[in-house]
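Biologist: Please take me through this model, beginning with the surroundings of a single residue.

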Amino acid sequence: TSGKHSWEVDVGNKTQWSVGVAKESVRRKGKITLIPDNGFWTLILRDGNKYKACEKPSKLLDLTVKPRKIRVCLDYEGGKVSFYNSDNKSHIYTFTGTFTEKLYPYFCPCNTDGGKNTEHLKICPQIVTIQEDGGFIPASK
């Protein structure tokens, strides 16, 4: 893994979710703690209004606007995973560290919260433009 990558996740009106980045070697069974020491760099929502950056200890985030779309930005060589509210382009949180293995997007829609959290997480399509020999070639959606 190398380079800079970003993706946008539509979290809608969900009451719980987790999004971020995970190392290829993360544990996938049993109790999992979403912290960088375990290979996870994640932002979570719990109870409909508690946003946290999953550090050790976790950091409660004071967001004045409830994001409906989250942009995750990975800078592998720069050692950063940043999160933004896509709707108003505001920065939410940045993790810093050193990455030494493949990283993958991480998504968890969480449980249904008694029927209050039934919406899906959606990965949003991006419009890509490729520049070649000084001219732009629009890619398909």
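## Contacts, charges and rings

Biologist: Leaving aside neighbours within four places in sequence, which residues is E8 in contact with?

Modeller: E8 is in contact with K69, I70, R71, S86, K122, I123, C124 and Q126, once neighbours within four places in sequence are set aside. Contact here means heavy atoms within 4.5 Å.

Biologist: On what basis are these values computed?

Modeller: This is a predicted model, in which local features need pLDDT of at least 70 and side-chain atom pairs count only at pLDDT 80 or more, while totals for chains, interfaces and linings use all residues. Residues are numbered from 1 along each chain as its sequence is written, and side-chain values use heavy atoms, with hydrogens and water left out.

Biologist: Where is E8 found, and is it buried or exposed?

Modeller: E8 is found in strand β1. Strands (E, at least two residues) and helices (H or I, at least four) are DSSP runs numbered from the N terminus. With a relative accessible area of 12%, E8 is buried; the term means under 20%, whereas exposed means over 50% and partly exposed lies in between, using a 1.4 Å probe and protein chains only.

Biologist: What does the E8 side chain pair with?

Modeller: E8 forms a salt bridge with R71, with the closest N and O atoms 3.7 Å apart. The criterion is a side-chain nitrogen of Lys or Arg within 4 Å of a carboxyl oxygen of Asp or Glu. E8 lies in strand β1 and R71 in strand β6, so this pair ties together parts that are 63 residues apart in sequence. R71 counts as partly exposed, at 23% relative accessibility. The side chains of E8 and S86 are also joined by a polar contact of 2.6 Å. A polar contact is a pair of N or O atoms within 3.5 Å; within protein, one must be able to donate a hydrogen and the other to accept it, and residues adjacent in sequence count only if both atoms are side-chain atoms.

Biologist: How many salt bridges does a search of the whole structure find?

Modeller: The search finds 3 salt bridges. One of them joins the side chains of E101 and K23, at 3.9 Å from N to O. E101 is in the loop between β8 and β9 and K23 is in strand β2, so the pair ties together parts that are 78 residues apart in sequence. E101 is partly exposed at 22%, and K23 is partly exposed at 22%. D47 and K50 also meet through their side chains in a salt bridge, at 3.2 Å from N to O. D47 counts as exposed at 54% relative accessibility, whereas K50 is partly exposed at 39%.

Biologist: Which backbone oxygens does the K14 side chain reach?

Modeller: The K14 side chain reaches the backbone oxygen of E119 at 2.7 Å and that of P109 at 3.3 Å. K14 itself is found in the loop between β1 (4-10) and β2 (17-23). Residues that K14 touches, not counting those up to four places away in sequence, include L45, K66, N117, H120 and L121.

Biologist: Turning to the rings, how many aromatic pairs does the structure hold?

Modeller: It holds 6 aromatic pairs. Rings of Phe, Tyr and Trp (its six-membered ring) pair if their centres lie within 6.5 Å; planes under 30 degrees apart count as stacked, over 60 as edge-to-face and the rest as tilted. The W17 and Y51 rings have centres 6.1 Å apart and planes at 55 degrees, so this pair is tilted. W17 lies in strand β2 and Y51 in strand β4 (residues 50-53), so the pair ties together parts 34 residues apart in sequence. Both W17 and Y51 are buried.

Biologist: Which residues form an aromatic cluster?

Modeller: W41, Y76 and F99 form one aromatic cluster. Y76 and F99 are both buried.

Biologist: Finally, how many helices and strands are in the chain?

Modeller: The chain has 0 helices and 12 strands. Of its 141 residues, 36% are buried.
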